[in-house]
Amino acid sequence: MPVTENWKPTIVAFCCNWCSYAGADLAGSSRLAYPADVKIIKVPCSCRVNPMFILRAFEKGADGVILCGCHPGDCHYSTGNYYARRRMTLLFSMLDYLGVEEGRTRVEWVSAAEGVKFSETMNSFVEKVRALGPNVRLGDLRCKN
Amino acid sequence: MQELIVRAKELLEKGEVARVLGWKKGEQEYDAEPAFFETAESLDNFVYNGFCGANLSKYMIEAGKKEGKTLVFLKPCDSYSYNQLLREHRVDREKAYIIGVGCKGKLAISKIPFDGILKVSGAQYPDAQEILTVETLYGTETIPYKDAMLERCHVCKGKDHVVYDELLGESADTVDADRFAEVERIEKMSPEEKFAYFQSELSKCIRCNACRNVCPACSCRKCVFDSTAFDSEQKANTTSFEEKMFHIIRAFHVAGRCTDCGECSRVCPQGIPLHLFNRKFIKDINALYGEYQAGSDLECPAPLTSFTTTDAEPGVGRG
Amino acid sequence: MRRIGVFVCHCGSNIAATVDVKKVVEMALQEQGVVHAEDYPYMCSEAGQVRIAEAIREHQLTGMVVCSCSPRMHEATFRKCAERNGLNPYLVEIANIREHCSWIHKDMAEATEKAVILMRAAVAKVHLNAPLQAGESAVTKRALVIGGGIAGIQTALDIADAGYKVDIVEKEPSIGGRMSQLDKTFPTLDCSACILTPKMVEAASHENITIHTWSEVEKVSGFVGNFTVDIRKKARYVDMDKCTGCGVCQEKCPSKKSLNEFNRGLNTRSAIYTPFAQAIPNVPVIDATACIKLKTGKCGICEKFCQVGAINYAQTDEIITEQYGAIVVATGFDTIKLDKYGEYAYGHSKDVITSLELERIMNAAGPTKGHLERLSDGKAPKEIVFIQCVGSRCSDDRGKPYCSKICCMYTAKHAMLIRDKYPDTNVTVFYIDVRTPGKNFDEFYRRAVEDYGVNYIKGQVGKVAPQPDGSLLVHGVDLLENKQILKKADMVVLATAIEPNADVRKIATMLTASIDTNNFLTEAHPKLRPVESPTAGVFLSGVCQGPKDIPETVAQAGAAAVKVIGLLAKDKLKTNPCTAKADELRCNGCSQCANVCPYGAISYETRLVNDHGIREDRRIAVVNSALCQGCGACTVTCPSGAMDLQGFSNRQLIAEVDAICR
Amino acid sequence: MNKVEEIKTISGVNPLKCMKCGKCSASCPSFNEMDIKPHQFVTYVINDDVEALANSKSAWKCLSCFACIERCPRDVKPGKVIDAARQILIRQRGQEGLSADEIPALLDEETPQQLLMSAFRKYRR
């Protein structure tokens, strides 16, 4: 896909119901803008996010995927984000190993009270993904030419 | 080898085991493949030599469904796989009689760089020789045993079995390489080089599923890729997803469970170094969450089903 | 194929001003399975719901998507509406096009495009939604209140009066909390003990209230209606049943050097002690870190003098396990540590004190028997400076970003009381703003200025410098006069910021209740559900939720009690049907999922399974849906995809991903 | 960049964070010598009157002692604001900053030595 002036990234944000989704709501009710490229999918907990969802998003054309959950220690289910943290740490490290550009994936802990953080996070994430341009490498990890 | 057959016959005859799981001669000595032996006579086809690299532990899942005990021969590294299956309740220890066999390193026919191979001698156990003699259509060649060894044997986990009922035969120390050297070499590459490397390797994949079928950790009754568990619409839709993401998802599914037995790379008909995915996860797990060897014991918490409150954050140390 | 209806809400102009709702409707009608789409100014209104009802009937809808505000706002509304009209509530999905779209985007084309995509994702999900039935669980008709201050006491009394059993767990030796440390209360100046003690007595004697003092919550499991709580009853070394509270042990105890926590460490107490005279229960505890007998084995004086034989050095901590239907957190507050505020010389000079320390100094039972005197030399201060907002309203890392709310009023109270009792003592208050919203509050502050001659100066103090003569030089400013002020004072009182009790983080973690960046517990909704935590069955009372004065605390305590009563009055609760479920044909029985389940909801059974004609006994995971809370940790651990979460299934989430990335 | 943006960029201060508590002025050792008091610095920035600030006595009376920066509860740092105002002035005058030769001419009785030194450190890097 050629990079054009008007190119807009597709960004999927998985947000846990208890903290981050509420943080996104707070960003909304506080009118803290972030790019419309970000589309939020609600999950009960960050630990519900299967690496397959993330890879699926990339395969289907996403240019960036971000996962937001409660701060470690504050998980509504007490431990979910700790598992998510390990899973994503390993997944991201693997993506890096495969030569996928750093910056297309991110995990951020956003509480229900952090509307500002939510908005800032999304702004900086989108900026990073825009700088990287359209996703090619993660579209096909079989890496066929 | 003979002592294994003798012992197997003995156990069969005594009725202590109902069948034997071992390796069977192929057309060539180097064609040894896993086989069940139901009778003492059939054991005449039993073989144990340098080409018996196949890890038999996964076959014990099926064996567990049959009547009576199964005698299985496990090399030291195979015993880790068996233990991991035991931990995951996939095999029934009660229905297994495990003979831990000695191992002096296993060979890969693909590593013998001669055309028209007819016969390889010197790979016989227990008298494996330092130099293999290879008869080819074009004459006789020699190659040091070590040079024909599987990659995994150069980074062998050790001579000890982690689970067994009895032990037979000696093992040799074959380690002469750093297990993570190749992973580190790739890690040091630029993203472009990394991508180019994996692109050239993975584009060879023909999706034959040999890696999945041989992997003791890939033992799901029904693989996600064969089911509709993740379909959003129809099967045709997921095919491309499966095609494109197969290896990384497979590696993730076995992360923290893979014993690094190396079977995936051994059986890949395209010679893709698939173990490099698993070993990357193992290296990260060791570095981030403490040394962990899957299959080494049945109790200690597994890296992906446990945590500490001070774990590293995703992405730390990247780039 | 589902027959889906899409309802696009204008939310007045909240959505419609930024999102072209007609366009969303038009695009919805092009989606597979969408048989009806319409927009309406207020979908949540009575009239809006009537339209939904009509559409369900007219188009025989088997699924619906409402494009509106956050599901946190009206998901329940629309689900109920669907249910009333014969559509399973779990066949309703919300596309959040307000908080996540119209409110944050300005460009109409961009916002509309996004709204369409969010609508598509919701439609894609609804295609795969299954009708779910909520289960039922019984309610244990007993409540737990964590914290025995005025908030906890009031909540417990209100619940108990309604006829339900309540337990109070208090970590200190007595209930009473911060209010018991106060001397007088604003704006009426009535004595704190005089109004609190009767409430303490009432709680102690109430037939429905059990008080566990010197106790802490150790472990919480279960869920709304069915919590199981382990309470650690710390060793008191005194038999509660035998002790008569005569106090002889405290007089005779030879170890008298421990800092008196109740008096904020301004004087000392004995190793065996009751924190204050009106303590309830009036049974002392032995401080094991100070007791000579417990430390060395020698002494035993209190045992010798106890006429009823109540002393028992062999006592150990005891863990009791109780069942509760609801839990109220009332853990209160403490003042912040001032070690980062070197400029105010707190800790450097004994005559720089916090307001809470001043309360103790002014109290007849305090370290100075109620005489206002300098702690350095015992002299009566003639010049007192109060500094407001110490650590409050700070955006740096030294203090707290919030207003502590109570300081303006208690400072006015202190200033007034001092001027009243010691008319020749001058009182100066340095303030940034005087905040006195509340009934009779501003009148109170004005009385301090007008009737008592308290000198209020607008301007924060920069520094307090102890002088060689023992006085304190206050570097201030009068912003209204634009003059710097150097003022010699005999005593400086710091209106120290308050913060939630340090234990609250631990307790919140146990309760899986969320907490904000300042460690205040988060309410389920800041306006509409201020006394409920987002965790069902957990309620908030008092300062643990945010700074409050006594009347507000009592009001909130009552509100929390009403919520608890409302819960306990039910015999059965509907349970969340969005629980995990294992597919027996795919399950490997590998036990990985059970390892990550925080609720112990997964067990295994060997079951005869018919897998396309192959009949065999298999070890299969079984989820106890009453215990499962639906986090989904198990689903990702499962390599075969056998474990799935109802309402957030793999296929549903993948469908959303696909719709967004389409 | 206009002056207001310039002063914000140089100082790194958001003047809107100020809550007018006056702790800076209470802390300032040069308060009495200043025509514009430390707590008023941000007001000049907000009111788009950087000119007045740069031309004030205060710009040259600030000792750069940093007491206001250390103690400000809102992270506003009046010391940095006045320093930025000073810099704007200096940049205008010398175009390229200070040179050692110019210093003697700039010296007067009231210029604190410390200010010269810090200015020198800052502009002659």
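## Domains of chain C

In this predicted model, the domain assignment divides chain C into domain 1 (4-128), domain 2 (142-234 + 317-332 + 501-568), domain 3 (248-305), domain 4 (336-499) and domain 5 (580-646).

The centres of domain 3 of chain C and domain 4 of chain C, taken over C-alpha atoms, are separated by 32 Å. Six residues from domain 3 of chain C and seven residues from domain 4 of chain C take part in the contact. On the side of domain 3 of chain C that touches domain 4 of chain C, three residues are nonpolar, two are polar and one is charged.

## The contact between chains C and D

Chain D brings 18 residues into contact with 19 residues of chain C. On the side of chain D that touches chain C, the elements giving two or more residues are α2 (23-27) and α6 (67-71) of chain D, and of the elements on this side α2(D) gives the most, with four residues.

By residue class, the side of chain D that touches chain C comprises six nonpolar, five polar and seven charged residues.

## Contacts among the chains

Four pairs of chains are in contact, and among these pairs chains A and C share the most contacts.

Chain A and chain D, by contrast, do not touch, with their nearest C-alpha atoms 16 Å apart. Chain B and chain D likewise do not touch, and the nearest C-alpha atoms of chain B and chain D are 28 Å apart.

Conventions:
Residues numbered from 1 in each chain as written. Chains lettered and ligands numbered in written order. Predicted model: local features only at pLDDT ≥ 70, side-chain atom pairs only at ≥ 80, totals over all residues. Contact = placed C-beta atoms within 7 Å. Nonpolar A, V, L, I, M, F, W, Y, C, P; charged D, E, K, R; others polar. Domains from an automatic or database assignment.
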